[in-house]
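Biologist: I would like to learn how to read a structure, feature by feature. Where do we begin?

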Amino acid sequence: MAKREVRMWPDPVLTQICAPVDVNAPDVAALIEDLFDTMYDAKGRGLAAPQIGVLQRMFVVDVTWKEGPPEPRVFINPEVASTSDAASEMSEQCLSIPDLPMSVTRPDHIQLRWSTRAGDRLEARFDGILARCILHEFDHLNGKVIFDHQPAPLRADLEARYAP
Ligand code: ZN
């Protein structure tokens, strides 16, 4: 198990659509451990596989570990079944875009389906910060980052500033 390098925007790996995970593949367990090791080391609350260069539909989240007991969660092949009409705007940070918090509007709650590491398919509702964090990581699986939620002129400005 190991900490991996976090890919920084505009690394092209962050703009790709990720492929479904074969939950029974032998490398899945190690990938999950690497995601957690890398996320905790980077002091993050979530990390998606493409952020460590793996184009697979999987991410890990722990929104409580900085303030209290950790609640590590793994989401494999997630699907957003529905989202609330009610939405909120809040500042978010991304480990792939350091030191650049950005305001993002997201639904207040979501209905999510996903596979566990044991391969079980689950469905549940998530609210508040957890819903927000899940949607942020889910975006990564579709090649989206917080820049993509900004108005076009601001996004163009950011891309120009961060272009290699
Ligand atoms: Zn991110």
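Modeller: Begin at a helix end. This is a predicted model. Just after H2, Gly143 has a positive phi of about 75°.

Biologist: Which residues of H2 are buried?

Modeller: A residue counts as buried under 20% relative accessible area. In H2 the buried residues are Leu130, Ala131, Arg132, Cys133, Ile134, Leu135, His136, Glu137, Phe138, Asp139, His140 and Leu141. That is 12 of the 14 residues of H2, so the helix is largely enclosed by the rest of the structure.

Biologist: Which residues coordinate the zinc ion, and at what distances?

Modeller: Cys94 gives its SG atom, and His136 and His140 each give NE2. The distances run from 2.0 to 2.3 Å. Along the sequence, the donor residues follow the spacing C-x41-H-x3-H.

Biologist: Why does the pair Cys94 and His140 tie together separate parts of the sequence?

Modeller: Check where each one sits. Cys94 is in strand S4 (residues 87–94) and His140 is in helix H2 (residues 128–141), so the pair ties together parts 46 residues apart in sequence.

Biologist: Are Cys94 and His140 buried or exposed?

Modeller: Apply the cut-off of 20% again. Cys94 has a relative accessible area of 4%, so it is buried. His140 is at 1%, so it is buried too.

Biologist: Next, pockets. What should I ask about the largest pocket?

Modeller: The largest pocket holds about 490 Å³ of space. Its lining has 22 residues, and Gly44, Arg45, Glu92, Gln93 and Cys94 lie nearest the centre. S4, strand S5 (97–107) and H2 each give two or more residues to that lining. By type, the lining divides into 10 nonpolar, 5 polar and 7 charged residues.

Biologist: Now aromatic rings. How is a pair described?

Modeller: A pair of aromatic rings is described by the distance of the centres and the angle of the planes. This structure holds 7 aromatic pairs. One of them joins Phe59 and Phe75: the centres are 5.3 Å apart and the planes meet at 35°, so the pair is tilted. Phe59 is in strand S2 (residues 58–61) and Phe75 in strand S3 (residues 73–83), 16 residues apart, and the pair links distant parts of the chain.

Biologist: How accessible are Phe59 and Phe75?

Modeller: Both count as buried. Phe59 has a relative accessible area of 0%, and Phe75 has 1%.

Biologist: Can you give another pair?

Modeller: Take Trp114 and Phe126. Their centres are 5.5 Å apart, with 55° between the planes, and the pair is tilted. Trp114 lies in strand S6 (residues 109–115) and Phe126 in strand S7 (residues 121–127), so the pair ties together parts 12 residues apart in sequence. Trp114 is buried at 8%, and Phe126 is buried at 7%.

Biologist: Which residues do ring pairs link into a cluster?

Modeller: Phe59, Phe75, Trp114 and Phe126.

How values were computed: Residues numbered from 1 in each chain as written. Predicted model: local features only at pLDDT ≥ 70, side-chain atom pairs only at ≥ 80, totals over all residues. Heavy atoms only, no water. Phe/Tyr/Trp six-rings, centres within 6.5 Å; stacked < 30°, edge-to-face > 60°. Helix = DSSP H or I, 4+ residues; strand = E, 2+ residues; numbered from the N terminus. Buried < 20%, exposed > 50% of the residue type's maximum accessible area, 1.4 Å probe, protein only. Donors = N, O, S within 2.8 Å, 3.2 Å for Na, K, Ca; no water. 1 Å grid on protein atoms, 1.4 Å probe; cavity = no way out; pocket = protein on both sides within 12 Å on 5 of 7 lines; lining within 4 Å. Points joined across faces, edges and corners; volume = space filled by probe spheres on them. Nonpolar A, V, L, I, M, F, W, Y, C, P; charged D, E, K, R; others polar.
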